[in-house]
Structure formats: structure tokens, C-alpha cells
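Please look over the structure below.

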Amino acid sequence: ISFEVRDIMKSIKLCIAATIAALSITITGCGDKKAGDGVTVVKIGVVGDYNLHWDDVNKNLANDKIQVKLVKFSDYATPNRALSDKEIDLNAFQHVAFLNNDIERNGYKLTPICQTLIAPIRLYNNKNKIKSVSDIKDGSIIGIPSDLTNGGRSLKLLEAAGLIEVDPAKGYVPTKADITKYNVKIEIREAESGVLANILPDIDAACINGGNAYTAKLKPTDAIFSEDPKATGEDNPYVNVIVARTEDKDNPIYQKVVKAFRSDNVKNTINTAYDGGYISAW
């Protein structure tokens, strides 16, 4: 019996020692994780290469131990789906009109939490064919984005340039079918936004938005006509936004990202680093 008691006591001691060791490892592990991985990473979906201002955002967030990690997408169709599916935390690539249309078409539960910048859409010319808007004649080929909102925005730009007239009842999203008059009998070709700069040598001109123009190294001064960023007033549907899932719109971490974004150093970078292609929204 004494041997059995000693064996039982030995087993109990071993169990206690093992438990203490396990607790020690667990506690140490948590401490290391907090010390080594204490920075909260926020994944933000973006499109294009105009991202220098996010370096300033990360500088502003350093004391809060928050770091923005950019997740780059090659097209406009994917970032809202990725956000809805929780593959990323936020996105920052689109204007309000695009967001509203995507929500309506796909049923996403997404909400803008911060206005960021305005990227005027501009008409860029094939310099080997035309030099100005007045050189656009009957038969000239003009490229526009194929998505509804940027395509409609481009038609409004061509209207402002005096080339066409569109049905005013269609607001900011007219289609080619809503053109009521061709002041110049141009041919309008639709293509994905990201390839318009690539096909510019094969056409006469193209309506290219700010992000894609910057990526293609096209400067605002290269354009022959530009959208007036203030033409639609304070409720500009083309102001770009940071977007969250509606359920997360009040997330305190994301609100700190908003505060870090709407700061003087970020504003200065937006207004100076992109050759005048962007205007801060605040």
C-alpha cells in the first residue's frame, strides 16, 4: 500500500509540475505576442499606385499601435466584394456614386466612413491625332470607362466639353442610350477603366479618371479638358471615400484610421505629391 501511495503522490506531483509548466508557457506566450505583435493591422483595399499619403497615415497611427496594410486590386469590381466577404477590413478606391451603384446592384451592406479626395476625370488626347477639343471632328473615336458610374461621369464630361448632350433626367449616370444630341458625331467606345490609357494610341481621346491616369504617368496638364471638381457642390457624388462594412462603421480602430487620415500631413501629400491630380476632400 505504501508503494501505491508513493506512486499516487508522485503522479500528483508530476501533474502539478506539468500544469505549472503549461501555464508558464501560456502566460509567456501571451506576453510575447502582445509585445511582439502588439500592433493592430488594418487591411485596406486600394486600386492604382497613388498611395503615398498612406505612409503619412501610418506615421500618424504609430502611437496607437495601428498599422495600415494596403491590399492592391487590379480592377474596380473586386474590392467591395472582398470587403463584404471580410477578406479586407476597409477599402479606399471609389467615389460615392460608384459605391451607391455597387450596393444597389449587389446588395452589399457597406457604408462610407470618411471622405478622402477628389480625383477629377479628364479628357486625354492622342497627341499624334489631335491637339485640343476643337480638333475633335465627326468620326473621332473617344474612349470611356465601361462601368456605369464612371461611364456616365465621362458622358457628362463630354457634354461639358460641348461634344454631346444627354438627358438631364438621368442625373450623374447617363448611358450612351441617353445621349439626346451629338454636336459632333463622335464614336464612343467603352473599355475597362484600367486599359483606356493603353488603347489611347489607337483612338483620338479618352476619358481617364485620376487614379488610372496617375498609374499611366499622365499628368493633369496633359489633358485637353477636365471636370470641375467643385461643379456639383458640397455633396459631390464623385468624392472618394473610405468604406467599411455597415456593421463595423463605428469600430474604434477604424475611427482612429479616419482621424489619422484627415490630418494636415496627409492633406499636404494629397495636394502636392500627385502632380495636381488629386484634391483633398477637407
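## Basis

This is a predicted model: local features need pLDDT of at least 70, side-chain atom pairs count only at pLDDT 80 or more, and totals for chains, interfaces and linings use all residues. Numbering runs from 1 along each chain as its sequence is written, and side-chain values use heavy atoms, with hydrogens and water left out.

Helices (H or I, at least four residues) and strands (E, at least two) are DSSP runs, numbered from the N terminus. Buried means under 20% relative accessible area, exposed means over 50%, and partly exposed lies in between (1.4 Å probe, protein chains only). Helix H8 spans residues 252–261, and its buried residues are Tyr254, Val257, Val258, Ala260 and Phe261. They cover an arc of only 165 degrees around the axis, which puts them on the same side of H8. The arc is that of the directions from the helix axis to the C-beta atoms. Pro252 and Lys259 are exposed on the other side of H8. At the start of H8, a side-chain oxygen of Asn251 comes within 2.8 Å of the backbone nitrogen of Ile253.

Helix H9 covers residues 264–272; Val266, Thr269 and Ile270 are buried there. Its buried residues fall within an arc of 100 degrees, so they line one face of H9. Asp264 and Thr272 are exposed on the other side of H9. An α-helix has 3.6 residues a turn, so residues three or four places apart point the same way.

## Aromatic residues

Rings of Phe, Tyr and Trp (its six-membered ring) pair if their centres lie within 6.5 Å; planes under 30 degrees apart are stacked, over 60 edge-to-face, and the rest tilted. The structure holds 10 aromatic pairs. One of them joins Tyr172 and Tyr238, edge-to-face, at 5.8 Å centre to centre and 75 degrees between the planes. This pair links distant parts of the chain, 66 residues apart. Tyr172 sits in the loop between strands S7 (164–166) and S8 (179–182), Tyr238 in the loop between strands S11 (223–226) and S12 (239–245).

Tyr172 is partly exposed at 38% relative accessible area, while Tyr238 is buried at 5%. Arg153 lies over the face of Tyr238, 4.4 Å from the ring centre. For such a contact, NZ of Lys or CZ of Arg must be within 6 Å of the ring centre and within 35 degrees of the ring normal. Tyr50, Tyr214, Tyr274 and Tyr278 form one aromatic cluster.

## Cavities

A cavity is a set of points on a 1 Å grid over the protein atoms alone, where a 1.4 Å probe fits but cannot get out; lining residues have an atom within 4 Å of a point. There are three cavities of 30 Å³ or more. Strand S3 (90–95), helix H5 (148–160) and helix H7 (210–215) each supply at least two lining residues. S3 gives the largest share, three residues.

His95 lies in strand S3 and is buried, at 5% relative accessible area. Its side chain makes a polar contact with the side chain of Asn150 at 3.0 Å. A polar contact is a pair of N or O atoms within 3.5 Å; within protein, one must be able to donate a hydrogen and the other to accept it, and residues adjacent in sequence count only if both atoms are side-chain atoms.

Val184 lies in the loop between S8 and strand S9 (187–191). Val184 is buried, at 14%. Val184 and Leu163 are 21 residues apart in sequence and 5.3 Å apart in space, C-alpha to C-alpha.

Note on methods. 1 Å grid on protein atoms, 1.4 Å probe; cavity = no way out; pocket = protein on both sides within 12 Å on 5 of 7 lines; lining within 4 Å. Points joined across faces, edges and corners; volume = space filled by probe spheres on them.
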